[in-house]
Amino acid sequence: MNEKTIVHIKNLNHYFGGKSLRSQVLSDINLEIKAGEVIIMTGPSGSGKSTLLTLIGGLRSVQEGSLKVLGWELYGASDEKLVQVRRHIGFIFQSHNLLEFLTARQNVQMALELHNEPDRIAKAKAEAMLHAVKLGNRINYYPSDLSGGQKQRVAIARALVSQPKLVLADEPTAALDSKSGRDVVDLMQQLAKEQGCAILMVTHDNRILDVADRTIYMEDGKLFKEVVL
Ligand SMILES: Nc1ncnc2c1ncn2[C@@H]1O[C@H](COP(=O)(O)OP(=O)(O)O)[C@@H](O)[C@H]1O
Ligand SMILES: [Mg+2]
């Protein structure tokens, strides 16, 4: 694993349920993600894509195998360590998960709160990122006054404002029409290339596969390297 490797997964297994109800949802996953790479993961519903994303993101504990993120081994990692790892990752989910009682700027700025930025600088960074996602004229709007595509762009700004080395996106365009979906993905790709961060994105959206440097395919808990787009 050299410094260009952001994620390194070896022989990862995962199970849900205990005793007789135990079922394997991930089987012998191996994957390496390099800095700046955009990887798209497809595959049927229930195949284990979200489970893998949450494991990489330190949102659940690794049960078997090795999962290294940004040089940290997550197998056997303490809760404190997982929290620390999460700070270096940007998350984008299908639904934007914005806080309704905060403005666009406040939602984005929140992502910087764990990073001990002085308020003034955090505010400036949040505003700059909202400009970057073309929401410079919506900075003080509440989520309820934004369209679906605009809310998802706020979520992207929030995920990228702390300049993470890794962004995990779980069906980020699922709730959007095709034009907004395209815009959102183009923006993610552009900002990622500018910041040199890697993106792992789950999507069923065939129209956006071209942003990927590489696509991978999950079926029944197994990961396949896809040969043809
Ligand atoms: N918290 C959970 N407890 C038990 N089973 C779960 C849990 N989360 C997901 N599963 C099961 O694990 C499998 C994979 O789910 P998931 O990772 O969400 O798939 P995908 O994102 O590809 O649709 C499914 O069979 C799902 O029902
Ligand atoms: Mg899922």
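The model is predicted, so to speak of local features a pLDDT of at least 70 is needed, side-chain atom pairs count only at pLDDT 80 or more, and totals for chains, interfaces and linings use all residues. Residues are numbered from 1 along each chain as its sequence is written, chains are lettered from A and ligands numbered from 1 in the order in which they are written, and side-chain values use heavy atoms, with hydrogens and water left out.

**The six-stranded sheet**

Let's start with an open sheet of 6 strands, ordered S6-S7-S8-S3-S9-S10, with mixed pairing. Strands (E, at least two residues) and helices (H or I, at least four) are DSSP runs numbered from the N terminus, and two strands pair if DSSP finds at least two bridges between them. Strand S6 (89-92) and strand S10 (222-225) are at the edges with a single partner strand each, so one side of each has no neighbour in the sheet. On average, neighbouring strands here are turned by 20° against each other, direction ignored; the axes are lines fitted to C-alpha atoms, for helices over the stretch in contact, and angles run from 0 to 180 degrees between N-to-C directions.

Helix H6 (residues 178-195) lies across strand S3 (38-42), S6, strand S7 (166-170) and strand S8 (198-202), and runs at about 160° to S8. Contact here means heavy atoms within 4.5 Å.

**The four-stranded sheet**

A second open sheet has 4 strands in the order S2-S1-S4-S5, with antiparallel pairing. Its edge strands are strand S2 (23-34) and strand S5 (72-73), each pairing on one side only. Helix H1 packs on this sheet, touching strand S1 (5-16), S2 and S4, and its direction makes about 125° with that of S1.

S1 and S2 are joined by 8 bridges and run antiparallel; Val 7 has Ile 33 in S2 as its bridge partner. The two strands form a hairpin with 6 residues between them, and Gly 17 in the turn has a positive phi of about 80°. Strand S4 (residues 64-69) is joined to S5 by 2 bridges, with Glu 73 in S5 as the bridge partner of Lys 68.

**Around ligand 1**

The residues around ligand 1 include Phe 16, Val 25, Pro 44 and the run from Ser 45 to Thr 51; near means a heavy atom within 4 Å. Helix H1 (residues 49-56) gives the largest share of this shell, 3 residues.

| Residue | Atom of the residue | Distance |
|---|---|---|
| Gly 48 | polar backbone atom | 3.1 Å |
| Lys 49 | polar side-chain atom | 2.7 Å |
| Thr 51 | side-chain N or O atom | 2.5 Å |

Conventions. A polar contact is a pair of N or O atoms within 3.5 Å; within protein, one must be able to donate a hydrogen and the other to accept it, and residues adjacent in sequence count only if both atoms are side-chain atoms.
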